Amino acid sequence: MTGVPASAAGGTGAKPAPGGKLGAAAVNQASLWNIANILTMLRLVLVPCFVVLMLQGGGFDPAWRAWAWAAFAVAMITDVFDGHLARTYNLVTDFGKIADPIADKAIMGAALLCLSALGDLPWWVTGVILFRELGITVLRFWVIRHGVIPASRGGKAKTLAQGVAVGMYVLALTGPLATLRFWVMAMAVVLTVVTGLDYVRQAVVLRRQGLAAERAAAESAR
């Protein structure tokens, strides 16, 4: 979470406010309620709303599917803005670091599972995308003490392609648009696999470099 501002603590050399620890805890707790975290929480709330809308009318009513698409679109848009706001205005918190990726995977996973359950999307496509996303999460924890792998252009293109493709499948499209969404999803799957393999490569390299640096540090300390 972000640190407590000097003004909140009374300034340099100021006498601590009564219940200093309690006051600091209150400031830290209040810092959770920033616009970036609120957008993340909104995205989490939209997940069950999306599922309910998607499955109304047996899951094949065009009007309900349009409402479900609107909920999905809002969730994807807030995904773009909350991270940008957090970094730009120093609103990064421990809650945001944990909740943001959970919200991302929750809305995408809910959409994919609904589409496959309704027979609109093959289960293997859902499996490939979800396996990649969960696998990358595990890899992040595997190498986190050695460093963080930055988001690549390929990863951003993958996210965009997935969002557009899934959004097109949520809508009850027919004719040429239904054909187009097939190819957009195919591109999304290819990007999912390629960027996933590249992330594994970077994770392995980063871990090797980290272990080598730790061994060198241990030897120099002898």
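**Notebook: helices and a few side chains**

**Entry 1: H3 and H6**

I started with helices H3 and H6, and they are roughly antiparallel to each other because of the angle between their axes. Angles over 145 degrees count as roughly antiparallel, under 35 as roughly parallel, 65 to 115 as roughly perpendicular, and the rest as oblique. This is a predicted model, where local features need pLDDT of at least 70 and side-chain atom pairs count only at pLDDT 80 or more, while totals for chains, interfaces and linings use all residues. Residues are numbered from 1 along each chain as its sequence is written, and side-chain values use heavy atoms, with hydrogens and water left out.

I looked up the ends of both helices. H3 covers residues 62-88 and H6 covers residues 153-170. Their axes come within 9 Å and cross at roughly 165°. Axes are lines fitted to C-alpha atoms, for helices over the stretch in contact, and angles run from 0 to 180 degrees between N-to-C directions.

Which residues of H3 meet H6? I found Arg65, Ala68, Trp69, Phe72 and Met76 on the H3 side. On the H6 side I found Gly163, Val166, Gly167, Tyr169 and Val170. Contact means heavy atoms within 4.5 Å. I then sorted the contact of H3 with H6 by class: seven residues are nonpolar, two are polar and one is charged. Ala, Val, Leu, Ile, Met, Phe, Trp, Tyr, Cys and Pro count as nonpolar, Asp, Glu, Lys and Arg as charged, and the others, Gly among them, as polar.

**Entry 2: the whole chain**

Helices (H or I, at least four residues) and strands (E, at least two) are DSSP runs, numbered from the N terminus. Reading along the sequence, I noted the pattern α-α-α-α-α-α-α.

How much of the chain is buried? Of its 222 residues, 35% count as buried. Buried means under 20% relative accessible area, exposed over 50%, partly exposed in between (1.4 Å probe, protein chains only). I also checked contacts between residues at least 6 apart in sequence, and 76% of them join residues at least 24 apart.

I went to H6 and H7 next. H7 spans residues 176-220. The axes of H6 and H7 come within 8 Å and cross at roughly 150°. That makes this pair roughly antiparallel. From H6 the contact draws on residues including Gly154, Ala157, Ala161 and Val164. From H7 it draws on residues including Leu180, Phe182, Leu191 and Thr195. By class, I noted 15 nonpolar, five polar and two charged residues in the contact of H6 with H7.

Then I took H2, residues 35-55, against H3. They pack at an angle of about 165°, with axes 9 Å apart. H2 and H3 are therefore roughly antiparallel. The contact of H2 with H3 has 18 nonpolar, two polar and four charged residues.

**Entry 3: Asp120**

I found Asp120 in the loop between helix H4 (94-117) and helix H5 (123-143). Asp120 is partly exposed, with 23% relative accessible area. Not counting residues up to four places away in sequence, Asp120 touches Phe60, Arg65, Leu115 and Tyr169. I looked at Arg65 again, and its side chain joins that of Asp120 in a polar contact of 2.7 Å. A polar contact is a pair of N or O atoms within 3.5 Å; within protein, one must be able to donate a hydrogen and the other to accept it, and residues adjacent in sequence count only if both atoms are side-chain atoms. I also checked Val170: it sits 50 residues from Asp120 in sequence, but 8.8 Å away in space, C-alpha to C-alpha.

Is Phe131 buried or exposed? Phe131 lies in helix H5, and it is exposed at 67% relative accessible area. Its C-alpha atom is 10.0 Å from that of Thr192, 61 residues apart along the chain.

Glu133 is also in H5. Glu133 counts as buried, at 13% relative accessibility. Leaving aside neighbours within four places in sequence, Glu133 is in contact with Lys105, Lys158 and Gln162. A polar contact of 3.1 Å joins the side chains of Glu133 and Lys158.

I followed that list to Gln162, in helix H6. Gln162 counts as buried, at 4% relative accessibility. With its neighbours within four places in sequence left aside, Gln162 contacts Met108, Ile129, Glu133, Ala188 and Thr192.
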